[in-house]
Amino acid sequence: MADEIAKEYDVIVLGTGLTECILSGVLSVKGKKVLHIDRNDHYGGEAASVNLETLYKKYGNYAQGTEPWKEYGRLNDWNIDLVPKFLMSSGELTKILVSTDVTRYLEFKQVAGSFVQQGSGSKATVAKVPSDAAEALRSPLMGLFEKRRMKNFIEWIGQFDIKDSATHKGLDMSSCTMKDVYDKFGLEAPTKDFIGHAMALYQTDAYLDVPGGAPEAIEHIRLYGNSVARYGKSPYIYPLYGLGELPQGFARLSAIYGGTYMLNTNVDELVYENGKAVGIKATMTGVEPEMKFETRAKMILGDPSYFPDKVKVVGHVLRAICILKHPIPNTSDSDSCQLIIPQSQVGRKNDIYVASVSSAHNVCPKNYWIAIVSTIAETSANHHLELAPGIERLGKIEEQFMGPPIPIYEPIEDGTKDNIFISKSYDASSHFESTTDDVRDIYRRLAGEELVVEGLREGIQVTSEE
Amino acid sequence: MADSGNAPKPSSSVKLVLLGEAAVGKSSLVLRFVNNDFQENKEPTIGAAFLTQKCNLPTRTIKFEIWDTAGQERFASLAPMYYRNAQAALVVYDLTKPTSLVKAKHWVAELQRQASPGIVIALVGNKLDLTNDEAGSGGDGESPGVDGEGDARKVTTDEAKTYADEEGLLFFETSAKTGYNVTEVFTAIANAIPETSLKTARGPGAAHAAARSEEQRVNLNGARDQNAKDGCAC
Ligand SMILES: Cc1cc2nc3c(=O)[nH]c(=O)nc-3n(C[C@H](O)[C@H](O)[C@H](O)COP(=O)(O)OP(=O)(O)OC[C@H]3O[C@@H](n4cnc5c(N)ncnc54)[C@H](O)[C@@H]3O)c2cc1C
Ligand SMILES: Nc1nc2c(ncn2[C@@H]2O[C@H](COP(=O)(O)OP(=O)(O)O)[C@@H](O)[C@H]2O)c(=O)[nH]1
Ligand SMILES: [Mg+2]
């Protein structure tokens, strides 16, 4: 079998997380010879979707000798995401899926609603995030006069053109801040809160005071609006059977263009020459006998777990995965939703996200819901208290899985020196826009050009039929 | 939708996957079925995600959407996504290689555990041309078995057939090389697909089928996909 592994590849990819799989898919389509390896026996790495037994075993929250997962229906009906995220329906990942035709292998459904919390504790209100002027006028999130101001603001966002200063309301877009823009419309603090956090999807308030930062924030609000406009209901879509399908879809794309896939394979050593990585020594297990092999590559890319001494910790995510037997209260019995609790509403610096999906997305048996609460750690202890405002929103919880804070890694260097290109960990954001930013960034570093996905497969695609 | 108007028979798309050890002849069986062609030691076409082929039955037309493994089985790295929602599976072994039948049995078990309940599975022993059997050797003189020498068969028909019957699988011995029994496998599968599972057929062809909670499904490709479908409508 070892003789089926080539002596040299253009790229060796380590880890089958989404970032890595998108990159190997794209590189394979562009004609690069790719070897893609994962130490696990499944695709997805940190971003896999797992069944309930695997989840219990990962968190270890059950008594030895018991099998609590057996009380929850068919094991194979469970596909629980380890990293909760949704796709923006007009976002980058959707564009990449469409232009690579990976949409052929996956089916998507809308997420039923996008909600935001105002206030905290027993006084908290949960309400739908208004996505257009008409919804703003009906929203319980604002008083009568504020509704008018919000309507004006939303209409202006629609007309705003960075190139046409007549649409700039007399503000200098190169220097003004988003706070200046809000003030121009006289918007109140709670309104700014849900615009910035539940529509522009900023996780902190840092964006408010960036000079010249308004156009970016406006772009974010527009992405939200365009995404809602695409299918209605919410700006989010979600793949049937869970997020773990996404890396598998891109892996198939890569394989179809000649990529070689090896799971169950440990990287024993990175081989260097003159300070540059030139190959790996690895062992494939799960076969009799184990297969040791060595191969070379012009470059190596992978997730942080394969390069512990080349990455740094930039923060920690807190996450609790909860199994429910009911939808999240006050979300109109949605089969799925996102609920954002803006930081200021609960006295924090970082927002708390609640993402919920259910049997409607083939991720669990009928009459169950999966809700994942997450935020960025702000303290070094009492992490369950940091998540509490989100947990409180869930009602009765059948089972809760919460481990220690999850470190977020970033590469120390950009890879041009040692030919090792490392991705970032998945952040706490609720969508994939930062993941696709990372894909673009890594591509730029390793290829020295911008990644253009439009028309990627045109001209190369083989017709499937006479 | 795939019908061009002059064909009034109902037509449905069926996802069919191929499973089995590397080099048993999965891709060759597809190539034989779709193109009526065979190529010795040919690497599969790069970039081909799907092959599609219609199967005309007396009362309906089945359009197979055939998913080849893209080589991901070689190092035991086939993604579960690949066989998810498959309505039919060809589990192939090489009847000159007993270990490949063991592997095939693993795949059958995996499908019974993971795949859609109504999936139609055909167990296929390929490379019949390498045996002495009258039927498969094709009579082109190339077969090693013509005068009793070099019969390479290592898995008896009985053994495989007994197993297939126990598990409720369709069973065929084929040769992708000579074409023997290849069309028959696909036709038998088409006939065995229950009407009910056609209603929930996946893919754009099934988008208007009244299946459970379809209303929220989204078609990311929009108009673009429509064109693509027209292009390959058979
Ligand atoms: C072992 C093996 C595995 C294969 N696996 C695949 C596969 O996984 N997916 C796949 O699509 N093809 C597969 N093929 C099909 C085969 O690769 C193509 O038929 C072949 O590449 C023809 O290309 P050509 O340019 O050499 O010849 P050409 O002269 O261009 O083609 C020969 C004939 O094949 C037709 N053809 C070419 N490519 C395709 C195609 N992709 N699908 C249908 N008809 C085609 C042409 O129209 C022509 O009639 C496989 C073939 C073999 C032998
Ligand atoms: N003699 C013979 N060889 C075959 C037959 N089918 C496939 N092969 C050969 O077996 C090898 C592997 O075939 P392939 O279709 O690539 O197998 P796959 O890996 O299962 O897709 C190729 O060299 C084929 O030419 C067959 O029916 N008879
Ligand atoms: Mg093949």
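A salt bridge is counted here when a side-chain nitrogen of Lys or Arg lies within 4 Å of a carboxyl oxygen of Asp or Glu, and by this rule there are 33 salt bridges over all chains. The model is predicted, so local features need pLDDT of at least 70 and side-chain atom pairs count only at pLDDT 80 or more, while totals for chains, interfaces and linings use all residues. Residues are numbered from 1 along each chain as its sequence is written, chains are lettered from A in the order in which they are written, and side-chain values use heavy atoms, with hydrogens and water left out.

**Salt bridges in chain A**

- A:Lys292 forms a salt bridge with A:Asp268, with 3.9 Å between the closest N and O atoms.
- This pair links distant parts of the chain, 24 residues apart, from strand β13 (residues 291–302) to strand β11 (residues 265–273), where strands (E, at least two residues) are DSSP runs numbered from the N terminus, as are helices (H or I, at least four).
- A:Lys292 counts as exposed because its relative accessibility is 60%, and A:Asp268 counts as partly exposed at 46%; exposed means over 50% relative accessible area, buried under 20% and partly exposed in between (1.4 Å probe, protein chains only).
- A:Asp418 and A:Lys310 meet in a salt bridge of 3.0 Å, N to O, and both residues are buried.
- A network of salt bridges links A:Asp441, A:Arg444, A:Arg445 and A:Glu450.

**A salt bridge in chain B**

- B:Lys127 and B:Asp94 meet through their side chains in a salt bridge of 3.4 Å, N to O.
- B:Lys127 is partly exposed, with a relative accessible area of 23%, whereas B:Asp94 counts as buried at 6% relative accessibility.
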